[in-house]
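Here is a short briefing to read with the structure open beside you. We begin inside the protein and then step back to the chain as a whole.

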Amino acid sequence: MNVLKKTLSSLVLAGLSLVMTQSVFAEAQVASNSDVAAETAETKAEAKTMAKYAPKKGELAPVNSELKIQSVNESFAEKYPRQYESWKATEKSTEIAAAVELDPRMIVMWGGYAFAKEYNKPRGHFYAITDVRNILRTGAPVDANTGPQPMACWTCKGPDVPRLIAEWGEEGYFSGKWAKGGAEIVNSIGCADCHDTTSKDFEQGKPALRIARPHVLRALDAIDKPFAEGDRTDQRAAVCANCHVEYYFDKSNVNNVVFPWFNGVDVDNIEKYYDEIEFKDWEHSISKAPMLKAQHPDFETWLQGTHGKNGVTCIDCHMPKVQGADGKVYTNHQIGNPFDAFESTCAKCHDQSKETLQKTVADHKKDIKDVMLKLEDQLVKAHFEAKAAWDAGATKEEMHNALQAIRHAQWRWDYSAAGHGGHMHAPDILLKVIASGLDRVADARTQLAVILSKHGVQQPIQYPDVSTAEKAWKVMGIDIEKERKDKETFLKTIVPQWDKEAKAKGLLLNDMPPAK
């Protein structure tokens, strides 16, 4: 009996001990979870705070040795042949349309900026590296420390960019001249720009969408669309925001890329942000206006348009699901005009015929182009009138408001002109933007007329003949033949060295596409 009592007592004590242990463990676990939750909340709060302004010195992303980027596109050809071959088919988009030669007004509007030398209409992703090497804007550097452009000019061009940012950190990547990346950035926009190619999901054939450029993640945080928390629709659109966006190079830091979305993505709020930080891309060579150069705000206009508001993404229209000859369905990576794959794109939502929709889009494009050219004509005159005012002795104080009006008017033109397919994404938005640009250039020219009269200048002034690109380049002081000759030398001497070095590193498996 005593033995039984002792045994029962021992069991009771053991049970109490177990309960107490479990209780202590549970309390510790709760405390631990609370700490983790608090730390996560604190991290999110810090990220949200940082998302409201451009990163300062010391706040850029450091080296990330855990992030692995497989940048060689050909390495995925065997496992994903349909996707790879359709991506490679963007090489069929070979046409180089010289926009500034077709419309010489641009040479005047971009006076003093490299875009006045050469600006071409876009072509296939396959040529992203080739085209940035060839364009006159990147100059003719002779080594890693020369040339007119910063490293940031590579940032949209391919998956070697996030690879380098991970390896060097943002400060290490963005510091220095464009030529520094010549032997490193050799793979055009491809697989690892949008997919986590090292993940199990990707290995299993799932999309595994990922953004590996820190500045893009910060920008999405700024508009309360954090990538990691986005649904399928948000993420499918956000990967295109790696490149198809407005951005600027932050000269107050290390020329790092920043998206100016802190007030919003529309033309007025981006302008407001630029004005608040007193940013300018350059000073115009003849009007002396502090100018802004829009890049390609496609994501922004898409967000404001009917497709964006209804959850129809870039992927739905430009990378539809198609059926191969073997009956298997895959995502077509031959990014191009949705009308080229009408049954898999537009017809999924619209019941109108292809011809009807094509006419509607063509009408939108014509309407926008017509008013856009009117704005260009007014801007060209405004720049020359500002020059006449300076030549007549106008002061900075007299010219300030007129120059700001020129800045704002041309920003609205560029926001509308620099995008790809805005007449399809948001034609109503573009027409409103251009209309506001016409208002502002009218303000500028009215103010300039008063200044010119005050200084005794007869009006209208004599406007130079800029009816052809050759005439416009001459008027704007651009020696285009020298620019072309220097570029030719660069392509024959420096670029082969880059390719040889890249091949030795295993970064470049095949020869680059030809120059033209």
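The largest cavity has a volume of about 70 Å³. A cavity here is a set of points on a 1 Å grid over the protein atoms alone where a 1.4 Å probe fits but cannot get out; points are joined across faces, edges and corners, and the volume is the space filled by probe spheres set on them. Please keep in mind that this is a predicted model, in which local features need pLDDT of at least 70, side-chain atom pairs count only at pLDDT 80 or more, and totals for chains, interfaces and linings use all residues. Residues are numbered from 1 along each chain as its sequence is written, and side-chain values use heavy atoms, leaving out hydrogens and water.

**The cavity and its lining**
- Ten residues line the largest cavity (each with an atom within 4 Å of a point), and Pro55, His215, Arg218, Val258 and Phe262 are the closest to its centre.
- Two elements, α9 (214–222) and β2 (256–258), each give two or more residues to this lining, and α9 gives the most, with three.
- By class, the lining has eight nonpolar residues, one polar and one charged; Ala, Val, Leu, Ile, Met, Phe, Trp, Tyr, Cys and Pro count as nonpolar, Asp, Glu, Lys and Arg as charged, and the others, Gly among them, as polar.
- Across the whole structure, the search finds one cavity of 30 Å³ or more.

**Helix α9**
- Seven of the nine residues of α9 are buried, meaning under 20% relative accessible area with a 1.4 Å probe, protein chains only.
- Among these buried residues are His215 and Arg218.
- The buried residues of α9 pack against α6 (160–174), α10 (232–238), β2 and α12 (298–304), with contact meaning heavy atoms within 4.5 Å.
- After α9 comes aspartate 224, with a positive phi near 60°.

**Cysteines**
- The structure holds zero disulfides, a disulfide being a pair of cysteine sulfur atoms within 2.5 Å.
- Cysteine 153 has its nearest cysteine sulfur, that of cysteine 156, 9.8 Å away, and cysteine 153 is buried at 18% relative accessibility.
- The sulfur of cysteine 346 is 6.4 Å from the closest one, in cysteine 317, which is too far for a bond; cysteine 346 is buried too, at 8%.

**The whole chain**
- The chain has 20 helices and six strands, taken as DSSP runs (H or I, at least four residues; E, at least two) and numbered from the N terminus.
- Of its 516 residues, 47% count as buried.

Note on methods
Buried < 20%, exposed > 50% of the residue type's maximum accessible area, 1.4 Å probe, protein only. 1 Å grid on protein atoms, 1.4 Å probe; cavity = no way out; pocket = protein on both sides within 12 Å on 5 of 7 lines; lining within 4 Å.
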